[in-house]
Amino acid sequence: MSSETLAPPLCLPPRTVSSLQRSRQRMAWLLVAPSLLVLLAIAGLPLLRTFWMSLSDAQLADLSSRQFVGLANYIGDSGVLNDPEWWGAVRNTLWFALMSVGMETVLGLGIALMLNHPSRLKTLLRAAVLVPWAIPTVVSAKMWSWMLHDQFGVINAMLLALGLIGEPLAWTADPDLAFVTIVLVDVWKTTPFMALLILAALQMVPSDCYEAARVDGVPTWSVFLNLTLPLITPAVLVAMIFRTLDALRVFDLIYVMTSNSRTTKSMSVYVREQMIDFQLVGYGSAAATLLFLLIALITLCYMALARRRMEGH
Amino acid sequence: MKRSLISVAVLLGVAASAQAASLKISCGAVGQELELCKQAVAQWSKKTGHDVQVVATPNDSNERLALYQQILGSGSDKIDIFQIDVVWPGILANHLVDLKPLARGAEKQHFAGIVSNNTVAGRLVAMPWFTDAGLLYYRKDLLEKYKQPLPKTWEALTASARKIQDGERAAGNDRMWGYVWQGRAYEGLSCDALEWLVSYKGGTIIDNASGKPSINNPQAVKALQTAAGWVGTITPKAVLNYGEEEARGVFQAGNAVFMRNWPYAWALTQKDDSAVRGKVGVMALPKGGADGRNAATLGGWQLAVSKYTRNPQLAAELVLFLTGSEVQKQRAINGAYNPTIGALYRDPAVLQANPFFGELYNTFTSAVGRPSSITGTRYNQVSNQFWNATHDVLSGKSDAASALARLDASLKRLAPAGFGRAQ
């Protein structure tokens, strides 16, 4: 990017900026250009269009007759930022991301450590653990809805038989339980993803480190804390950011399991409701833009924090 | 959204290959619905010699509405006749032809309530095709066993349900519940809750004359309090996530005394695999207190002609044929679709297939419309706010009085000058 100023890169003495260097840089840009163009076309343009729509009062029934309304959809009296339901959805989504990613990381780490232990069953277990991740979310959400059904569900039947509960629980209907239930179903589904990424990182830890620790007689707990954990942290952080991004956009699970209930509404569910159910394309686009900005902001903060932590080491 | 666009593209492709003079009609895509539509359309084609294509649309009514809006919003003439839900005339009116001059009085033989629901600003935008109304299903055998009369009021229903539920549980069936209905946060809850409101004379959310919210009144509060009192006592708490099918599942398995549902459940409870076959009765929903009234929410589907069609005259003729007496009779006998023509409820062949049609004639004629005409394109927002407020009351998150006061304020914010006025 700095090639236009013709200032030589700092790390190199001026004389080495040859024509070869420049042509290599050009070549690099040329090679990247196709993917950049594709990215612009499939991500940039829709994003810009959504932003443009969010500045209008467009309705789904007749998109052509929209009028420019400036930032009214954002900060107007009936704008997104003044809608308590939007903030409810933001709160739900953030809680969901925090709880689900937290639990998935801890569980995933545990499962990965177990799978990393040499065993003849390892290959089989590794395949088995992937099953929840392989099922499409809509299917697993529907499946869990039936398993959690208050009258016919297998979960209530089991808990009743064990005497843990006195009467069947309404898992997805009870406002106190619905949110926790959704988090748990998400944990069930995506823990395998975490486990596999962490397992891959565990297998990259050089075995001579462990041998040295064993020779020195370091206790197992201390080996995990001072050797394993620091070495796999970068991979865990990357896995966590992937999951956080997914969790912030959560839609299908909530839409299938609890529909339009306010108790569990996420930001994506809110956006769909405004755009499709209420036909408010302009207003919905404003909410979608805010959703995008919020996710971008959280990602940037997270990456900055993660980098500082890594450099600290 | 993307999938809808693809569907539109497919539809356009199909349509482009057809002849210019032909008509295209979109019918319901659910099993028997599509088949019956195709049969009737074929009869008309044979009779008149005009070519008609039947286009299948998504099952989910929300997605179907979104697809319709995209097609109509672009002014496309690719579909001439749309099958629309009873709450859509207000949303789609601007894109639909006024059928009044073309119907030549044919609308007069249909139920007046539905015709007035389909009339937006003096224009008849759709012809009634089949109707639905909320009904009370009950277990004949259990009411007899416990010597309970058919409940005239919600209070009587509550007492009967309680008694039978307790009795059956003591006798060993601890899954027994008194009353199941639709309590999930969705359009179905708006239908159920509207029935409670009207039965207690608590209005229809928005006043049809002034267009102002009428929801904040003592009778409405009483109605919601009554319903909230059922949750956890005679109704399982999980009803807060029940739709029609979940409620039917509990009732049809023999685990409920009463159920609120649409007429379609009748045929299914009478099937061979039903645990309650032959033990079920159907009646009108009870009154709210002794001086209340019976109320059933109006459902059902209509046929409308797109403003962008090239053959409005011809399309209207097909609509009149399909909504006419002959086709409605076939559909009632073969598919148990409730006719919208009063005379058919006295037809012996129709009554033989659906015995309760005759007894409940009054229920179908006096069904209460949701406030969709007056709220127009904002109906979905109004309904969403209403079902969410109701859901909060039912789940105990809020008491009825303050939930309705909040709903009232929020509806007034949505349309400060009242609905149906300049917005």
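Q: In which sense do E8(B) and strand E9 (residues 256–261) of chain B pair, parallel or antiparallel?
A: The model discussed here is predicted. E8(B) and strand E9 (residues 256–261) of chain B are joined over three bridges. Within this pair, B:Val180 stands opposite B:Met259 in E9(B). The sense of the pairing is parallel.

Q: Which strands are the edge strands of the open sheet in chain B?
A: The sheet is built from four strands of chain B in the order E8-E9-E7-E10, with mixed pairing. Neighbouring strands are turned by 15° against each other on average, direction ignored. An edge strand here pairs on one side only, and this applies to strand E8 (177–180) and strand E10 (280–283) of chain B.

Q: How far apart do the C-alpha centres of domain 1 of chain B and domain 2 of chain B lie?
A: The domain assignment gives domain 1 of chain B as 2–131 + 299–358 and domain 2 of chain B as 135–295 + 401–410. Their contact takes four residues from domain 1 and six residues from domain 2. On the side of domain 1 that touches domain 2, there are two nonpolar, two polar and no charged residues. The C-alpha centres of the two domains of chain B lie apart by 31 Å.

Q: At what angle do helix H3 (residues 84–116) of chain A and helix H12 (residues 267–277) of chain A pack?
A: Two packed helices are described by the angle between their axes and the distance between the axes. In H3(A), the residues A:Glu85, A:Trp86, A:Ala89, A:Val90 and A:Thr93 meet A:Met267, A:Val269 and A:Tyr270 in H12(A); by class, this contact has six nonpolar, one polar and one charged residues. The axes of H3(A) and H12(A) are 8 Å apart, and the angle is about 145°.

Q: How far apart are the end C-alpha atoms of residues 177–202 of chain A?
A: An unreviewed UniProt entry lists residues 177–202 of chain A under "transmembrane region", together with other spans including 28–48. Residues 28–48 of chain A are 100% helix, and their end C-alpha atoms lie 27 Å apart. Residues 177–202 of chain A are also 100% helix and 0% strand, and the distance between their end C-alpha atoms is 36 Å.

Q: How many charged residues are on the side of chain A that touches chain B?
A: The contact takes 22 residues from chain A and 27 residues from chain B. The chain A side divides into nine nonpolar and eight polar residues, and the number of charged residues is five.

Terms used:
Residues are numbered from 1 along each chain as its sequence is written. Chains are lettered from A and ligands numbered from 1 in the order in which they are written. This is a predicted model: local features need pLDDT of at least 70, side-chain atom pairs count only at pLDDT 80 or more; totals for chains, interfaces and linings use all residues. Domain bounds come from an automatic or database domain assignment. Two residues are in contact if their C-beta atoms, placed from the backbone, lie within 7 Å. Ala, Val, Leu, Ile, Met, Phe, Trp, Tyr, Cys and Pro count as nonpolar, Asp, Glu, Lys and Arg as charged, and the others, Gly among them, as polar. UniProt positions are given in the numbering used here, feature names are shortened, and annotations may be inferred rather than shown by experiment. Helices (H or I, at least four residues) and strands (E, at least two) are DSSP runs, numbered from the N terminus. Two strands pair if DSSP finds at least two bridges between them. Axes are lines fitted to C-alpha atoms, for helices over the stretch in contact, and angles run from 0 to 180 degrees between N-to-C directions.
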